[in-house]
Amino acid sequence: MKLVKITGAVAALALSSAAVAGPNWTWVEVGAYVGDADGGLYATGDAIGDSGQEYKDGYNGWSANGMFEIGSLYHVGVGYFDGDFAEGVSNSAFDGGCEGSDPEVAGDNYYAGNDCISNDASGWNVVAGIHPAVTDNTDLVVNVRYEKSDVRTSFGDGGPSVEQKTKTNEWGINGGVRSMLSDVFEVNGYIGYDQSDSLDNEVWVKTGGQYYFGQNFGLVAEATLSDATAEIYGGLRWNFVR
C-alpha cells in the first residue's frame, strides 16, 4: 500500500503542474548506489550451513547508463553496473558484516566459528519502451527490461576461502510517469515487476527527480523500495536534446 501511495502522489503532482516542455529522452549518465537487503543472493541457511542464523546484507557500487529516443514515442537504453556486498552471521559472538575469511582482512568482523561471504557483482541491462505524452509536460512510461549479471562469491569459515561464480538472467516490466514541474526540475515515479532465474520474483517502486544545471547538465536522485531491498542512487546526467 505504501508503494502505491508514493507513486500515486508523484503522478498527481505531475499532472497538476503548469504546462512546460516534456522530459528529455536522450541522455548518458554515471552514478553510484547504496542499499540494504533483507537477505541476499546466498543469505540462506541451506546455502552455506548453520540454518536458522540471521544474515545482514548491505551493498554499494556504480553504474553507467544511456537512453536514446526513437521518434517521439519510443526509447531504448543500455546500462552497466559494478558493485559488491558482504554478508555475515549474527549471533552472541559476532555482529556485523563479514569482509573475508582471513582475520587480517576481516579485522573486527572476523570470527572463526561462522561462515563468511563476500560478493562482487557486475552486469549489463537493456531497456525498451514507449512514452506517450499525457500532458504538455508529462509522459506516461511503459518499459520492458532484460538484465544479465555475474556474481563472484567467496566463502570462508576461518579456513581457506572457496570461490563460486553465478550467472543470473532477469526480466522485468515497469510503468510510471515522468514530468517536468518547471524548466529545471523533473519528477518521476515507477512501479515494476522483475522475474529472475535464480532470485525471488520482486515487486518494486521507484521515485526520483532531476535538477537541470544549464541546458544539458543534470543532477539525478532516486530511491527504490521493495519487499527485500531499499536503495538510494545519485548520478550526473548529460542531456543531449531538450
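Glu29 is buried in this predicted model, with a relative accessible area of 9%. The side chain of Glu29 meets that of Arg237 in a salt bridge, with an N to O distance of 2.6 Å. This pair links distant parts of the chain, since Glu29 belongs to strand S1 (residues 27-37) and Arg237 to strand S10, 208 residues apart.

**Overall architecture**

- The protein contains three helices and 10 strands.
- Read from the N terminus, the order of these elements is α-β-α-β-β-α-β-β-β-β-β-β-β.
- The protein has 242 residues, of which 42% count as buried.
- Among contacts with a separation of 6 or more, 60% are made by residues 24 or more positions apart.

**Salt bridges**

- Side chains of opposite charge can pair when their charged atoms come close.
- In this model the count comes to eight salt bridges.
- Arg237, the partner of Glu29, has a relative accessibility of 7% and therefore counts as buried, the limit being under 20%.
- A salt bridge also joins the side chains of Arg145 and Glu170, at 2.6 Å from N to O.
- Because Arg145 lies in strand S5 (residues 138-156) and Glu170 in strand S6 (residues 162-180), this pair ties together parts that are 25 residues apart in sequence.
- Arg145 and Glu170 are both buried.
- Arg145 and Glu170 also belong to a network of salt bridges, in which they are linked with Glu147 and Asp194.
- A further salt bridge is formed by Arg178 and Glu186, whose closest N and O atoms are 2.7 Å apart.
- Arg178 is buried, with a relative accessible area of 4%, and Glu186 is buried as well, with a value of 1%.

- Asn239 is part of strand S10, which covers residues 229-239.
- With a relative accessible area of 0%, Asn239 is buried.
- The side chain of Asn239 makes a polar contact with the side chain of Asn24 at 3.0 Å.
- A polar contact of 2.9 Å connects the side chain of Asn239 with the side chain of Gln210.
- When neighbours within four places in sequence are left aside, the residues in contact with Asn239 are Asn24, Thr26, Trp27, Gln210, Tyr212, Asn216, Phe217 and Gly218.

- His75 is located in strand S3, which spans residues 74-90.
- His75 counts as buried because its relative accessibility is 1%, and the limit for buried residues is under 20%.
- The side chain of His75 makes a polar contact of 2.8 Å with the side chain of His131.
- The side chains of His75 and Asn143 are joined by a polar contact of 2.6 Å.

Definitions and conventions
Residues are numbered from 1 along each chain as its sequence is written. This is a predicted model: local features need pLDDT of at least 70, side-chain atom pairs count only at pLDDT 80 or more; totals for chains, interfaces and linings use all residues. Side-chain values use heavy atoms; hydrogens and water are left out. Helices (H or I, at least four residues) and strands (E, at least two) are DSSP runs, numbered from the N terminus. Buried means under 20% relative accessible area, exposed over 50%, partly exposed in between (1.4 Å probe, protein chains only). A polar contact is a pair of N or O atoms within 3.5 Å; within protein, one must be able to donate a hydrogen and the other to accept it, and residues adjacent in sequence count only if both atoms are side-chain atoms. Contact means heavy atoms within 4.5 Å. A salt bridge is a side-chain nitrogen of Lys or Arg within 4 Å of a carboxyl oxygen of Asp or Glu.
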